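Hello,

Here is the structure I promised to pass on to you. Please open it beside this message, and then read on for what turned up in it.

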Amino acid sequence: LLLLDDPFLQNYQQAIQAKQCIGHQAIVFGLVTACVDIAPEPALTAYAYNVLSSQVSIALKLMRFGQTQAQQLLWKLQPTVDQAITQALSATMDDMQSFVPALDVHGMQHEYLFRRLFNS
């Protein structure tokens with residue numbers, strides 16, 4: 001199901017279904033924002049806020065952390081987000097990489113833990 005009737009997004013969805021490429025939230029977010037003509041800087045800002053607010057929401061469930069503290073943290077991190085966006089916009093394809101296998105492995109193991117942090 002596509003929310004936007006866009007040939008490029010339809011082709012991407014078909015490539016995912018045909019296992020020619022992997023669907024990933026960050027890629028889909030970037031493609032959708034490009035298809036609706038959102039400039040890279042505000043698109044990155046929106047994506048960064050989405051990721052940060054999700055992590056802060058998790059912290060609210062795991063720690064003694066209140067709503068006000070959560071909002072203060074998001075506000076305090078804004079200069080770091082701005083710096084990361086500036087760096088990302090000036091990066092070349094050779095500069096871009098991601099390697100955090102421990103995070104991925106622990107995420108996959110969560111489903112099989114005797115006591116899970118969150119029920120899903």
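Predicted model: local features only at pLDDT ≥ 70, side-chain atom pairs only at ≥ 80, totals over all residues.

**What was found**

Glutamine 71 comes out as partly exposed, with a relative accessibility of 46%. On this scale, buried means under 20% relative accessible area, exposed means over 50%, and partly exposed is in between, using a 1.4 Å probe and protein chains only. Glutamine 71 belongs to helix H4, which covers residues 67-76. Its C-alpha atom is 8.7 Å from that of valine 56, a residue 15 positions away along the chain.

Residues are numbered from 1 along each chain as its sequence is written, and side-chain values use heavy atoms, with hydrogens and water left out.

**The chain as a whole**

The chain has six helices and zero strands, so its elements read α-α-α-α-α-α from the N terminus on; helices (H or I, at least four residues) and strands (E, at least two) are DSSP runs, numbered from the N terminus. The radius of gyration is 17 Å, well over the 14 Å that the globule rule gives for 120 residues, so the chain is more spread out than a compact globule. That radius is taken over C-alpha atoms, and the rule is 2.2 Å times the number of residues to the power 0.38. Along its principal axes, the C-alpha trace spans about 45 × 35 × 30 Å.

How much of the chain counts as buried? The share is 13% of the 120 residues. The chain exposes about 10,100 Å², with 60% of that supplied by carbon and sulfur atoms; accessible areas come from the Shrake-Rupley method with a 1.4 Å probe, and for residues only the protein chains shown count as cover.

Among contacts with a separation of 6 or more, 36% are between residues 24 or more positions apart, where contact means heavy atoms within 4.5 Å. As for charge, the mean positions of the 6 positive and 9 negative charges are 25 Å apart. Lys and Arg count as positive and Asp and Glu as negative, without His or the chain ends, and each charge is placed at NZ of Lys, CZ of Arg, CG of Asp or CD of Glu.

Leaving aside neighbours within four places in sequence, valine 81 is in contact with Ala48 and Leu52. Valine 81 and alanine 48 are 33 residues apart in sequence, and their C-alpha atoms are 6.9 Å apart. The side chain of aspartate 82 makes a polar contact of 2.9 Å with the side chain of glutamine 78. A polar contact is a pair of N or O atoms within 3.5 Å; within protein, one must be able to donate a hydrogen and the other to accept it, and residues adjacent in sequence count only if both atoms are side-chain atoms.

Threonine 33 sits in helix H2, residues 25-35, and is buried at 10% relative accessibility. Its side chain reaches the backbone oxygen of glycine 30 at 3.0 Å. Beyond its neighbours within four places in sequence, threonine 33 is in contact with Ile38 and Ala43.

Lysine 19 lies in the loop between helix H1 (7-17) and H2, and aspartate 37 in the loop between H2 and helix H3 (40-62). Lysine 19 is exposed at 75% relative accessible area, and aspartate 37 is exposed at 71%. What is phi of lysine 19 near? The value is near 60°, which is positive in a residue other than glycine. Phi of aspartate 37 is also near 60°. Most residues other than glycine have a negative phi.
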